[in-house]
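Try each task before you read its solution.

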Amino acid sequence: MNLSLLFGALVLGLLTGGVYGVMASGLSLTFGVMRIINVGHAALVITGAFISYEVFRHLHLDPFAGLVITMPLMFVIGVVLEVLFIRPLKTDREELSVLVTWALALALEGVLGYFFGTDLVQTTVSYGNSTFVVGGVHIAYVYIYGFLLAVAAMAALAALLYRTNLGAAIRATMLNRQAAQLIGIDVERVSAISFGIGAALAGVGGTVYGIVNAFNPDSHYDLIGHLLVIVVLGGVGSMRGAFLAALLIICIQDITQVMISPDWADLSFFVVLTIMLVVRPQGFFGVRVREAT
Amino acid sequence: MTGSRPRWAKLGGCVVALAFCVAFPTLFPGSGVLNIALLTLMYVALASSWNILGGFAGYISLGASAFFGIGAYSMGLILEHLIHMSGGYGPFALVPLAGLIAAVVAIPLGWVALRTRHAVFATATIAIMFVFQLLATNLSSITGGSAGLGYPVPTWTGNFYDKPFYFAMLVVALIAVIIAWMVRRSGVGLGLLAIRDDEDKAEAIGVPTWSYKLVAFVLSAFVAGMVGAVYGYYTTYIYPQFVVDPLISIGAALMAFLGGSGTLVGPVLGALILEPAQLELGFHVNGQIYLILYGAVFLFVILLMPRGIVPSVGALIDSRRARRHGAPLAAPPQQPPTAEAVAQ
Amino acid sequence: MSDDTLLHVQSISKRFGGVVAVNDCSLTVRKGTITGLIGPNGSGKTTVFNMITGFVRPDDGAIRFNDDTIAGRTPGAIYRMGIGRTFQMARVFTRLTALENLLVPVRRTGVSGFLRGFRGVGQAERARDMLEQLGIGHMAEEPVGRLSYGQRRLVELGTVMMVNPKLVLLDEPAAGVHPRVVDGLARYIRSLNETGISFLVVEHDLNFVMDICHDLVVLDRGRHIAQGPPAEVRTQQSVIDAYLGD
């Protein structure tokens, strides 16, 4: 076994894992607050990628700097989507949310395709190709920037959740929606805001994704499988879990890719998922709940 | 629960519908029409079987796509490597086997996936679908990978081509509806409905929730596998991304919801309405607009008509009937209903 | 365990995170009695119920039903042992009819259930009779979602009774029930008791409790502070303090 190769794959895995972690934590947040699985989250990521791509193309703003536009825009999109399509779901919310968000994903894909076409694009920044080498593995510097951004985003999220009133309201709603309502929290508003935050986080992830990968509206398909597995692994509702699970699973994937073969790298994802579902269905940080009120 | 119409009327209606289906190819012999009818029947089968777990128990599964693919590949691989049959009526005999294979694969998958609740379960089924798409693409030495897999070409051609496949699909659709009917009236069906309303309570009063959900999951897989096998033979060449396609499960789910999930007629009605509409739309509209419209219709149905056509119409009829008779539907809440009777 | 003890709860405890809900609690239900479980809000009554019925696993202690250990079993298994339960917020299957609700626990299972349908021989009649007894026979074919809260409670009770339980745990049966109906409810419970069914009842309505209970257990802050006949218990200083104190 080539240890330095392994190390290189590990480093790559950690760096990219961070970005996936940001994306996945947005998904986890949505589940925690609203108890819905947003299968359209990947479509939101791609939307963010397109927005940052267009900002880069037309305003000549570096995508990282362009986040000042991308993030608020994604937030607004998230809030609008929540209010229009998710809030009306009154009964069977959990089950129907899968279908509703899938429909949203399809519609988003169509809208993106309509406006931006289906050709593959990429936010090609000037520094996009400079790489450094670790253990025989070429790693683009962009990955480091992306990872730093991811860490910053997670820190900002943590600050929001644990140091602000809004964050307290969000956490209360996550713990017990009914109780939060009883103590005067406007859970509908909190839901909309959380969904918006989730979308903004998706946008952050999408920005980096768009620099590193060629993408088109169809790309959300592959991505959503990965994100869902990460969230389940980390424990639905736990952002910390999502981030850590992302690091873990992307590392495993990259190591598999480098040491075994790229074809099987994708499969490693699902092997890990299966093991998790058998051993600990609630994920790392999830809780087994039997409703007994 | 509208049980008021006499049984023989329902039975009569079924017989008439069946007779119409059998006569259909003779009445409308154009092959374009038969193709639409065939695909519609395909979704009648898929929606009805999806409904067993998704509608009765409320567990949204997107695994039908995977089992559809497993059925298609099983049939193709058997024909390629194990039983060499020339194209003809022979391969049709393998269809139930393909279904069985899908069902057997579903057992361990369901075993694991059903240990989780709704949202995570849906995720697990999505994962199952992706895994099989990956396997189909990557195990290229067996499945032909993205180059696809071929079936023996049937010996009949021309205008007659669709007819045998139409009847094969009709049989599968019939089986699907019958299975759904049998489940619905059985103890398992009642248990599944209870699970949908309150799973913990159902478990607390002795409903073996995991077992029942597994039965529903496996039965759905059985039907999906058979449908996939017939479809594979029909198209004579299958590719991973087309037979393991999420839109198969999504479509089935949407149709079941439109018609009324949890009922027997609902999925059939939903398929009859949506599949032809979908096919027509696909002809006239480009890919992106199609997606937007598809998503929009989906959202419309789920948000505005979550119970579907059949229950909504049923409720409308009930309330009209009640208004005509001038009686309220249920005893007014204020009335103490038990003081006298309980005192006995 | 003495001969006439049906349920014996011994020193059970439960903490949720930092909160101690139940602390070294013991109680007994004798065969054929109606035992009340009372105490101020937050005294742990529902948690005790949840532990007896298997929804929550006790951290410590033992629970025995007719000499069989309960603690650690699943709710379904405990149900099959003969313990039924109603919930604080009546839990019923809202999309099923009242009749179907009652048939769920006694539905025909297995292959014959598949072939012949879930209505077992005689069960539908039994269910209808039960609904008649409860005064909601006319609602048999109504989806329970359309029933009033009080009616849903009755459906819930009927569902429990369909399997002839030996012990029924009632979680606040009188809550939200019209005062006139409470008497009828008390009489119904007593009549069931006379057929040999034992009850453990959590209730805040002290008149109701004093009326029908043979025995009372008082909880305060997760611990039992008294057990005995109502007349005795109500005069105990510790009980008075618990209700009136800080």
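**Exercise 1. Charges and surface of chain C**

Task: How far apart are the mean positions of the positive and negative charges of chain C?

Solution: Begin with the 28 positive and 26 negative charges of chain C, whose mean positions lie 8 Å apart. Lys and Arg are counted as positive and Asp and Glu as negative, while His and the chain ends are not counted. Each charge is placed at NZ of Lys, CZ of Arg, CG of Asp or CD of Glu. Next, take the accessible surface of chain C, about 10,100 Å², with 48% of it belonging to carbon and sulfur atoms. The areas come from the Shrake-Rupley method with a 1.4 Å probe, and for residues only the protein chains shown count as cover.

A word on the ground rules: this is a predicted model, in which local features need pLDDT of at least 70 and side-chain atom pairs count only at pLDDT 80 or more, while totals for chains, interfaces and linings use all residues. Residues are numbered from 1 along each chain as its sequence is written, chains are lettered from A and ligands numbered from 1 in the order in which they are written, and side-chain values use heavy atoms, leaving out hydrogens and water.

**Exercise 2. The fold of chain C**

Task: How many helices and strands does chain C have?

Solution: Chain C has 10 helices and 10 strands; these are DSSP runs numbered from the N terminus (helices: H or I, at least four residues; strands: E, at least two). The radius of gyration of chain C is 18 Å, close to the 18 Å of the globule rule for 246 residues, so chain C is as compact as a globular protein of that length. That radius is taken over C-alpha atoms, and the rule is 2.2 Å times the number of residues to the power 0.38. Along the principal axes, the C-alpha atoms of chain C fill a box of roughly 60 × 40 × 35 Å. Of the 246 residues in chain C, 57% are buried (buried is under 20% relative accessible area, exposed over 50%, partly exposed in between, with a 1.4 Å probe and protein chains only).

**Exercise 3. A hairpin**

Task: In which sense do β9(C) and β10(C) pair?

Solution: Strand β9 (residues 215–220) and strand β10 (residues 223–228) of chain C pair in the antiparallel sense over five bridges; pairing requires that DSSP finds at least two bridges between the strands. Follow L219(C) across to its bridge partner in β10(C), H224(C). The hairpin has two residues between its strands, and R221(C) takes a positive phi near 50° there.

**Exercise 4. A proline in a loop**

Task: Which residues does P165(C) contact, leaving aside neighbours within four places in sequence?

Solution: Locate P165(C) in the loop between α6 (149–161) and β7 (167–171) of chain C. P165(C) counts as buried at 6% relative accessibility. Its contacts beyond those neighbours are G82(C), G84(C), V160(C) and I197(C), where contact means heavy atoms within 4.5 Å.
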